Amino acid sequence: MNLKYLWTALAALIFLNGCNQDESSTPSAVVEPTKTDVELLNEQEWDDNRVYVTKDNYILMKEANGTIPGLMKPCFVVNSAKEWPREDLSNADSYDLPRVDFRWNNGDFVSASASEKAIYESYDKVWSIKTDGTDLRLVTDDFSGDVRIMRRSPNNRYLAYSYASRTSGGTDKVVFDVQTQKSTLLGTDLGHSQFLWAEDSSYLYFEDRAKYWKYEITTGKITQMDDDFYFSEVGVIYGGKRYVVSEFGVGVYDEKSDKRLYGVSIYPKELQEKKKKQGYLVITREHSLQYELKSRSISPDGKYAWGESAQYRYFINTETKEVKLEKKDPKKKSQYRFFDVLGLNAEYVRSASAGSARQYKLTIDKKLFSQTQHWGQICSGHSATLSWLYNGFANNGAFIKEDK
């Protein structure tokens with residue numbers, strides 16, 4: 001089948017461009033319905049075989065690089081975000097695969113004198129997409145500023161995010177309800193942002209003004225946590241345990257009692273032994289430069305964690321407490337690179353970039369190159385980053401349908 005017409009039909013199915021026709025009980029002359037702008041655009045021959053979704057937005061199909069020859073992936077051109085379909089919790093088809101949230105300013109850079117619409121398109125918005133590169137959705141544009149961090153609740157309904165606000169001049173911390181489309185401001189400061197959702201999505205931990213707080217969804221109550229309470233920007237609560245991926249390893253806590261159960265350190269054994277003997281370990285600048293994790297991720301069930309420092313990459317099994325590492329060497333093929341988004345059971349990983357997605361199915365021993373896919377999924381705007389996994393248990397955690 002001609003690829004263009006195949007994707008025209010698919011776009012019509014997904015985005016419901018069309019209307020139902022009432023049947024008449026009496027014979028009448030056949031009247032051709034007036035064609036929509038989208039139908040007229042899709043009747044034209046385009047050099048890039050684009051398929052229009054709305055009159056200002058279209059999809060390009062491009063071949064992905066990797067181990068699956070001829071694999072075609074959609075690349076999205078969004079010139080009018082207001083026209084693009086929003087995420088809909090009632091649409092079961094959107095949740096048959098894991099998804100990722102990401103930030104994207106879908107328009108071009110513009111000057112302050114540009115039109116209101118052009119300025120809006122150039123601003124950050126939060127989007128989501130399936131891990132196979134389909135079903136792009138606009139999550140929220142209910143803010144004006146640059147997104148810093150995003151975390152979705154386990155039930156998919158709530159998005160906690162922070163952004164450098166153009167109005168307050170600080171970093172606003174917000175919970176957005178995908179179902180009601182309402183935003184709740186939790187706090188504003190000039191500092192760091194962290195969020196961690198309860199396993200049942202009933203409450204959220206967040207950082208504001210260098211303190212930790214608990215926000216209860218149903219009541220809206222906000223409570224300051226004790227000084228010895230701890231979580232980090234990368235973590236998960238699962239099976240009654242709170243997994244905290246810190247700068248130097250993983251701490252595991254009982255969520256109900258807040259008792260620390262155990263930790264897994266990325267420090268070399270000789271340093272760990274030194275700490276046991278002395279009862280403490282002074283973290284020197286040299287240690288920080290070598291070992292401190294600048295990038296981190298965790299699987300949806302907390303079983304696996306990953307981190308990257310200036311010199312090393314680490315892969316951690318939090319159940320067996322085994323730590324695998326590799327020294328970063330541009331002359332050698334990496335086995336633990338692009339683990340920024342870590343899937344269930346660490347069967348799949350992908351990079352944090354959303355503009356150009358790198359996705360891998362790992363080998364049995366949890367290394368790269370069992371299966372690779374690399375494709376450009378964003379074909380307009382100037383940056384798309386901060387991918388974060390949610391709905392991670394769908395399809396048994398597999399990022400593509402064929403491997404469920």
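Residues are numbered from 1 along each chain as its sequence is written, and side-chain values use heavy atoms, with hydrogens and water left out. Because the model is predicted, local features need pLDDT of at least 70 and side-chain atom pairs count only at pLDDT 80 or more, while totals for chains, interfaces and linings use all residues.

Searching the whole structure gives 27 aromatic pairs. Rings of Phe, Tyr and Trp (its six-membered ring) pair if their centres lie within 6.5 Å; planes under 30 degrees apart are stacked, over 60 edge-to-face, and the rest tilted. Y52 and Y58 form a tilted pair, because their planes meet at 55° with the ring centres 5.1 Å apart. Y52 is buried, at 7% relative accessibility, and Y58 is buried at 12%; buried means under 20% relative accessible area, exposed over 50%, and partly exposed in between (1.4 Å probe, protein chains only).

F315 and F339 make an edge-to-face pair, with 5.8 Å from centre to centre and 85° between the planes. This pair links distant parts of the chain, 24 residues apart: F315 lies in strand 22 (residues 312-317), and F339 in the loop between strand 23 (322-327) and strand 24 (341-342). Strands (E, at least two residues) are DSSP runs numbered from the N terminus. F315 counts as buried at 4% relative accessibility, and F339 counts as buried at 0%.

Elsewhere, ring pairs join Y203, Y205, Y212, F229 and F231 in a cluster.

Charges also sit over rings, meaning that NZ of Lys or CZ of Arg is within 6 Å of the ring centre and within 35 degrees of the ring normal. The charged end of R50 sits over the ring of Y58, 4.0 Å from its centre. For K125, the charged end sits over the Y120 ring, 4.7 Å from the ring centre.

Technical notes. Helix = DSSP H or I, 4+ residues; strand = E, 2+ residues; numbered from the N terminus.
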